[in-house]
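Hello,

Here is the structure for you to look over. Some notes on what was found follow below it.

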Amino acid sequence: MPPESTPQLSTVSSQFIADWLQALRPLCSVDHFRSLLKRAALQDDCDAPTGRVTLDQVVCLYQLAAVETEDEMMGLWSRPIRQRALQHLLTSIREATTLSSALYRFSTFWNLLLDDYQFSFAEADNVSVLKLVPQTDQAAQRFGHLLILKLAHGLISWLARYEVPVKAVGFAFEAPAFEEDYAVIFPAPVRFAQSATSIAFGPGVLGPVQVRSSADLTLFLENAPRDWIFTQSQVHTQSLRVRTYLSQTGWDSANLTEAAAAMHVTPRTLIRKLEADGTSFQAIKDALRRDIAIRHLQTGQHSVEAIAHEVGFSSAANFHKAFQRWTGNTPSSYRRKPYSGV
């Protein structure tokens with residue numbers, strides 16, 4: 001049977017949220033921090049290079065921590081962002097008449113709240129750029145920079161009622177070991193070691209908004225950050241197009257030749273394009289299998305043998321070996337892995 005197709009299927013490296021946990025820890029007592037992780041089904045081992053984190057875990061931790069720490073940015077900025085700030089931000093941008101003016105409102109809103117950074121918004125040569133300008137020489141908080149840019153993109157996509165195309169994203173820090181995870185977050189080329197953190201939109205993108213009701217606003221807040229933190233776009237890189245193809249076909253057709261035909265390119269061309277994305281067909285296939293397996297293991301509703309069959313393995317033994325190679329854990333130990341505390 002073909003694997004399930006959903007944008008929420010993606011996982012990221014556990015290292016991806018390590019900066020977030022580092023910022024969150026001082027806001028909590030030891031017991032409270034342990035409780036947050038436990039309720040989000042997370043372990044405090046985010047330096048493990050093979051660990052994976054699901055969207056559900058990210059959403060759960062955000063929803064718990066943003067309320068219980070009384071800081072909607074959970075320690076990611078020098079000044080706490082008090083509760084209901086996001087609601088006021090949505091109320092402000094909902095009154096914008098264009099996506100461009102919404103981004104300008106976004107920048108002026110945050111400039112009232114942030115001390116360590118200020119936003120600038122500029123339009124020139126048909127390109128619109130939202131830039132985070134440092135006010136001190138403090139090192140960039142990687143997860144904070146990612147989250148606030150993604151919030152900007154998520155909000156204008158909410159206003160537009162579709163995922164607004166992004167021209168480019170830049171970050172003012174060196175590429176981390178988990179840089180491939182940024183493709184799960186942003187539908188655009190991502191560059192590191194830039195002079196400033198920024199997100200750019202191309203010509204003709206920031207047009208009129210679609211009016212949003214108060215009920216829409218309430219639903220967006222209730223779902224935050226589920227509706228905006230992981231990208232829904234499956235076309236911005238060749239690798240995500242391949243992943244989408246694999247998620248919609250049976251594993252018996254999940255080979256390079258069939259995928260290339262579906263992309264209307266030759267196998268050699270597909271290999272070259274995937275290399276440009278820093279990946280390979282087999283790596284994409286394995287990542288999809290891994291993410292499907294992780295989701296099933298965490299829900300606990302399928303046996304290991306059933307999951308092995310679901311992700312296209314002829315035997316549970318072969319699946320065991322592959323899963324341990326992907327994550328550093330056996331399927332059973334991953335599912336039963338106890339909460340490790342601090």
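A residue is called buried here if its relative accessible area is under 20%. Please keep in mind that this is a predicted model.

Strand β7 (residues 197-201) is mostly covered, with five of its five residues buried. Which residues lie on each side of β7? Thr197, Ile199 and Phe201 are on one side, Ser198 and Ala200 are on the other, and all are buried, so that both faces of the strand are covered. Strand β4 (residues 127-134) runs antiparallel to β7 and is joined to it by five bridges. Lys131 has Ser198 as its bridge partner in β7. β5 also pairs with β7 in the antiparallel sense, over three bridges, and here Ile199 is the bridge partner of Val169.

Next, helix α4 (residues 85-93). Its buried residues include Ala85, Leu86, Leu89, Leu90 and Ile93. These residues lie on the same side of α4, because they cover an arc of only 135 degrees around the axis. An α-helix has 3.6 residues a turn, so residues three or four places apart point the same way. Among the elements that cover the buried residues of α4 are α3 (55-68), α5 (99-113), α6 (142-160) and α8 (214-223).

On aromatic rings, the count comes to 21 aromatic pairs. One of them is Phe16 with Phe178: the ring centres are 5.9 Å apart and the planes stand at 80 degrees, so this pair is edge-to-face. Phe16 is in the loop between β1 (11-13) and α1 (18-24), while Phe178 is in the loop between β5 (168-170) and α7 (182-185), so the pair ties together parts that are 162 residues apart in sequence. Both Phe16 and Phe178 are buried. Ring pairs also link these two into a cluster with Trp20, Phe143, Phe171, Phe173, Tyr182, Phe186 and Phe192.

Arg289 is placed over two rings: its charged end sits over the ring of Trp251, 5.4 Å from the centre, and Arg289 also lies over the face of Phe313, at 4.2 Å from the ring centre.

Lastly, the cysteines. The count of disulfides comes to zero. Cys28 counts as buried, at 13% relative accessibility, whereas Cys60 is partly exposed, with a relative accessible area of 25%.

Regards

How values were computed: Residues numbered from 1 in each chain as written. Predicted model: local features only at pLDDT ≥ 70, side-chain atom pairs only at ≥ 80, totals over all residues. Heavy atoms only, no water. Phe/Tyr/Trp six-rings, centres within 6.5 Å; stacked < 30°, edge-to-face > 60°. Helix = DSSP H or I, 4+ residues; strand = E, 2+ residues; numbered from the N terminus. Buried < 20%, exposed > 50% of the residue type's maximum accessible area, 1.4 Å probe, protein only. Lys NZ or Arg CZ within 6 Å of the ring centre and 35° of its normal. Disulfide = S-S within 2.5 Å. Arc of directions from axis to C-beta. Contact = heavy atoms within 4.5 Å. Pairing = 2+ DSSP bridges.
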